[in-house]
Amino acid sequence: MRTRVDRIRDVLIGAWAVLAIVYLFIPIFVIVLFSFNDNKGRFNFTWQGFTLRHWKDPFAVEGLSDAMVTSLSIAALCTVISITLGTFVALAIVRYRFVGRGATNTLVFLPLATPEVVLGAALLGWFLTMSFARGFTTVLIAHVMFTLGYVVITIRARLEGMDLHIEEAAQDLGANQMTTIRKVTLPLIAPGIVAAGLLAFAISIDDFVVSNFNAGQTVTFPLFVYGAARQGVPPQVNVMATMLLGLALVLMFVNVAIQRRAARRDAALGPQPARV
Amino acid sequence: MQAHTTVVAGAVETADGAGPDIGLYDVTKRFGEQVAVDELTLEIPKGSFFALLGPSGCGKTTTLRMIGGFEEPTSGRIELAGRDVTDVPPHKRDVNTVFQSYALFPHMTVEKNVAFGLERKKVRRDELRRRVGEALELVELGALAKRRPTQMSGGQQQRVALARALVNRPQALLLDEPLGALDLRLRKQLQIQLSHIQREVGITFVHVTHDQEEAMTMADRIAVMRDGRIDQLGSAEELYDQPRTEFVANFLGSSNLIDAALVARQGDVAEFDAGGARVRVPSRLVDGRDGALCVGVRPEKISLRPADAGAQVPDGENSLLGHVTDASFVGVSTHYIVRTDGGHDIQVFAQNAGAGLETLGPGRRVAATWQPEYTFVVAKEAGA
């Protein structure tokens, strides 16, 4: 029997959930909405009517497109470097016993636990000491550094969930280590690598703090927005943010679909009894 | 120690006098402090269906993995067809394994799974296709070649794993509890199919299992393992009818074991004193045995007859007098527990081979009799 109390509780829980979602999505909604704002003057903070003119000309603002291109290039390069390195680091940590394995395991995650400000300042200090010219390269190095941890965690989880006997089976059937990795291990952890890549891309593209310390004259998208904020953020920023959001959503759905397929595949493999 | 030497002696005589297919010599494997396999020496004859049987943790899987090359022995030597392969990695050994978890490649079709080994050997395309087809036919999965392993049942996956290994025509096939994850009916069915396939292809099968019935059904030679050593090695009949250790007597089927002392030996008959009663056994069973011994007999080898009417014990049979403490009719047989005058409880399975047989109720005074050649002698275990 459902009592009155039960019903009231269900309604309250539902309302609470809606509130939480609204709280999370209002800022995003505002960003999207104000890309259609027919703003007069420099500021884009009050609603003054609907227009599509910013969408017709998203690259009108000087420097904004360049910043976007810089950000996308850094994110793309960072993703490629990070998943390449991260895959090998994860393979080494999970599959091999070597001196310094424990240390590697810890050190890889250290950038995740370090406050970004500290990380940014420390990197700047180091680049200055080394007399390394700050710019595109230093931002890229910094991004690889702090995305690597996320990449390793993601791929490591996938590797650990894999039946070890599958790789042994490959060797049993005549595959040497390289062939085993190429033909069996990599295809099986591919969903993890894709997820890790998406994560690295997303983290890189919206990083502000570390980039701010190490960018020199290079301007990324977040740095541009920060700089522009003082004289009024052009609505084109909202347009691009909305585009990015759309792209992120598409990638997210792709990721979920891939993960789901992999999960189905693994689940259907049946029970994997412990070795006696 | 005694069991150990017995094994070496028993293993060297191979079925047809040909050299062994697989040989392990003084192989020890330690994992840290723990000894998984302890100075094991074992020779597996070519073309045999060989079972490594034992409880979990006895070292049987480790032994198999050392033959496959997945574990390196701490010391000792492993030979395949006379070649020392102790340091050879798995992909260069001419043996294939069927893993307990099947370990199929989930990202490949059944066909691709089976072709994997042949592709590594760079077998020509038409030959590869023919052999994959044949292997799938052998396990009756020809129709499912294009499926993914994930779309198959456990039994089907198991057969794919078998085909994937057999297609390479290895020198020996290693099976690590291949039927462990399947339900009872399917297991029975695949046991028959596996034996059939082994006879058909004639490859040496080494089968690891903890299921004594499975080992006895399928294997023509069984090594019973315990604590990293082989307790006894022989055919199913030898192990069942003439167990030499208490462990083997109890691990394969049920046994009645009675502490006994050798009192006399005349010609081919040895006589034991078992709690006051005289038990005769063929004297070859006590050759070379020393230390504390037990005599044993299987419950189904014993006949019960009422003793209150002064019934006759057939001439030359062993006999223990006592009274029935429990009788339960289970259909094919009646299970009795008899308390002997010497104070032992023994089990008797009386087969229901007739009609209207009298069930001897609790309290009845009975004589439990059996022929001396049904008796076996085992070493008494410390603390047992």
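This is a predicted model: local features need pLDDT of at least 70, side-chain atom pairs count only at pLDDT 80 or more; totals for chains, interfaces and linings use all residues.

Colleague: How do you know which residues line the largest pocket?

Modeller: A residue counts as lining if it has an atom within 4 Å of a point of the pocket. The largest pocket has 30 such residues, and the space in it is about 860 Å³. Nearest its centre lie D206(A), A241(A), L244(A), L245(A) and A248(A).

Colleague: Which element gives the most to that lining?

Modeller: α11(A) does, with twelve residues. In chain A, α1 (4-34), α8 (177-205), α10 (221-229) and α11 (235-267) each supply at least two.

Colleague: What makes a lining residue nonpolar, and how many are there in the largest pocket?

Modeller: Ala and Leu are among the residue types that count as nonpolar, whereas Asp counts as charged. By that sorting the lining of the largest pocket has 25 nonpolar, four polar and one charged residues. D206(A) is one of the lining residues and Asp counts as charged, so D206(A) is the charged one.

Colleague: And how much space lies in the second largest pocket?

Modeller: About 610 Å³. It is lined by 24 residues, with R95(A), E168(A), Q171(A), Q177(A) and F70(B) closest to the centre. α3 (64-95), α7 (164-172) and α8 of chain A each give two or more residues, and α7(A) has the largest share, five.

Colleague: How does the lining of the second largest pocket divide by class?

Modeller: Into eight nonpolar, seven polar and nine charged residues. Arg and Glu count as charged, so R95(A) and E168(A) belong to the charged class.

Terms used: Residues are numbered from 1 along each chain as its sequence is written. Chains are lettered from A and ligands numbered from 1 in the order in which they are written. Side-chain values use heavy atoms; hydrogens and water are left out. On a 1 Å grid over the protein atoms alone, a cavity is a set of points where a 1.4 Å probe fits but cannot get out, and a pocket is an open set with protein on both sides within 12 Å along at least five of seven lines; lining residues have an atom within 4 Å of a point. Grid points are joined across faces, edges and corners, and a volume is the space filled by probe spheres set on the points. Helices (H or I, at least four residues) and strands (E, at least two) are DSSP runs, numbered from the N terminus.
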